[in-house]
Amino acid sequence: MKNSKVFDFLESKCLPMANKIGNQRHLLAIRNGVISTLPLTIIGSFFVLFLNIPIPGYDSIISDFKEILDVPFRFTVGIMGLYVAFGVAYSLANHYKIDPLSSGLLSVAAFLLTSISPVKIDKNIEGVIDAGSYINIADLSASSLFGAILTAIISVEVIKFCLDKNIHIKMPESVPENVSKSFSALIPALFIIVLFWTIRHILGFEINSTLTFIISPIKDLLVGNSLFGAMITVFLILGFWVLGIHGPGIMAPITRPLWDASIIENMDKFSQTGNAAHLPNLFTEQFLQWYLWIGGSGTTLGLVVLFLFSKSTFLKDLGKLTIVPGLFNINEPVIFGAPIIMNPILAIPFILAPMVNLVISYFAFHLNLIPMMMAKLPFTMPAPLGALMSTDWNINAVVLVFVNFFVAMIIYYPFFKLYEKQQLELENKI
């Protein structure tokens with residue numbers, strides 16, 4: 001009864017607020033815009049892995065091609081801010097039903113204006129650089145991710161304001177739509193370019209560095225190296241799942257930019273040093289993915305394996321249906337099928353198992369048993385393989401995955417037996 005009252009209270013008070021936050025247009029645009037860059041970060045990660053395959057003599061084989069192999073990484077992960085600026089603006093413009101292409105392009109222009117000051121070289125330095133103007137693409141990487149998001153949002157809001165107030169050029173209906181849209185964007189484009197040019201190059205105010213300074217404490221807490229901060233993140237994700245809300249989806253507008261910035265920082269540092277043990281951020285999304293979300297959020301693969309050996313026909317059949325998706329970290333079938341949602345018996349280990357594994361993994365790192373994460377791989381990759389590749393082929397990472405899996409199964413076991421007993425009583429009544 002008490003559990004029921006707790007869930008009723010959370011459902012009535014927390015769910016509406018969580019849904020409101022999750023559906024807020026700017027947060028949705030941030031989530032969708034950042035997620036749209038996923039193919040680029042994954043492909044960029046694979047090129048980092050290609051440069052660091054632990055095969056004797058491999059370095060000497062690729063020595064003449066290292067610079068070439070590094071290029072895809074630099075033009076995917078290395079300029080991620082550029083893609084995010086376009087993606088967030090495109091998504092927000094779609095929500096407002098204004099031209100997403102023009103909005104995305106103007107956002108990119110605004111982002112470049114705020115992020116880069118071309119460096120002028122007056123004379124040739126033979127063998128190094130020729131005279132001319134150059135830009136540093138490092139200014140477009142993870143360090144400018146939050147600046148990209150802000151400039152994208154402001155740019156689209158300026159465009160919307162101009163359109164709402166009819167501050168734009170209207171062409172006759174006979175003019176082709178694509179031409180009409182281009183002329184309609186002229187005045188908003190002028191406002192946007194002058195605004196961000198003035199902020200950075202006239203006033204000398206650096207949006208990226210200021211935002212990084214403001215957000216750094218939050219980032220360091222949630223996705224940096226703080227165990228307490230990681231526990232908050234994990235607890236909130238799992239807590240939302242228990243309430244019937246897609247935990248990562250609700251948290252994504254907040255955590256996704258922080259997670260992506262942290263793994264990009266790690267990848268960039270690793271590409272410079274080749275040392276995965278000393279990187280900026282421990283609690284990246286990949287750390288949670290491979291050590292905690294074994295089988296999906298809640299480390300449910302352990303529960304699914306227990307279901308396979310259940311005396312309950314329902315649970316055994318559910319185990320058979322969910323084992324294959326679970327191996328590839330897809331666990332909605334078991335979360336909604338068992339169910340774990342609003343289930344006082346299974347909700348406890350669903351939250352407890354990952355929290356215990358988080359602590360185990362944290363101390364495994366501090367005992368120098370595992371390195372940090374240096375690559376972003378598809379979440380559907382089986383956890384042992386994902387951990388192996390994401391830690392620069394560290395075999396201890398694979399061992400830790402199996403340790404955490406068995407720990408989770410042990411934690412789930414007494415709750416599983418209790419739930420099994422409940423199901424058997426129901427089946428015997430039929």
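**View 1. Tryptophan 197 in helix H10.** Tryptophan 197 is part of helix H10, which spans residues 186-202; helices are DSSP runs (H or I) of at least four residues, numbered from the N terminus. The model is predicted, with local features needing pLDDT of at least 70 and side-chain atom pairs pLDDT 80 or more, while totals for chains, interfaces and linings use all residues. Residues are numbered from 1 along each chain as its sequence is written, and side-chain values use heavy atoms, without hydrogens and water. Tryptophan 197 counts as partly exposed because its relative accessibility is 42% (buried is under 20%, exposed over 50%, partly exposed in between; 1.4 Å probe, protein chains only).

**View 2. An aromatic pair in helix H14.** Phenylalanine 287 and tyrosine 291 lie 4 residues apart, about one turn, in helix H14 (residues 285-291). Rings of Phe, Tyr and Trp (its six-membered ring) pair if their centres lie within 6.5 Å; planes under 30 degrees apart are stacked, over 60 edge-to-face, and the rest tilted. The count by this rule is 10 aromatic pairs. In the pair of phenylalanine 287 and tyrosine 291, the ring centres are 5.1 Å apart and the planes at 85°, so the pair is edge-to-face. Phenylalanine 287 is buried, at 1% relative accessible area, and tyrosine 291 is buried at 0%.

**View 3. The aromatic cluster around these rings.** One aromatic cluster is formed by Phe283, Phe287, Tyr291, Tyr362 and Phe363.

**View 4. Lysine 160 and tyrosine 96.** The charged end of lysine 160 sits over the ring of tyrosine 96, 5.0 Å from the ring centre (NZ of Lys or CZ of Arg within 6 Å of the centre and within 35 degrees of the ring normal).

Note on methods:
Helix = DSSP H or I, 4+ residues; strand = E, 2+ residues; numbered from the N terminus.
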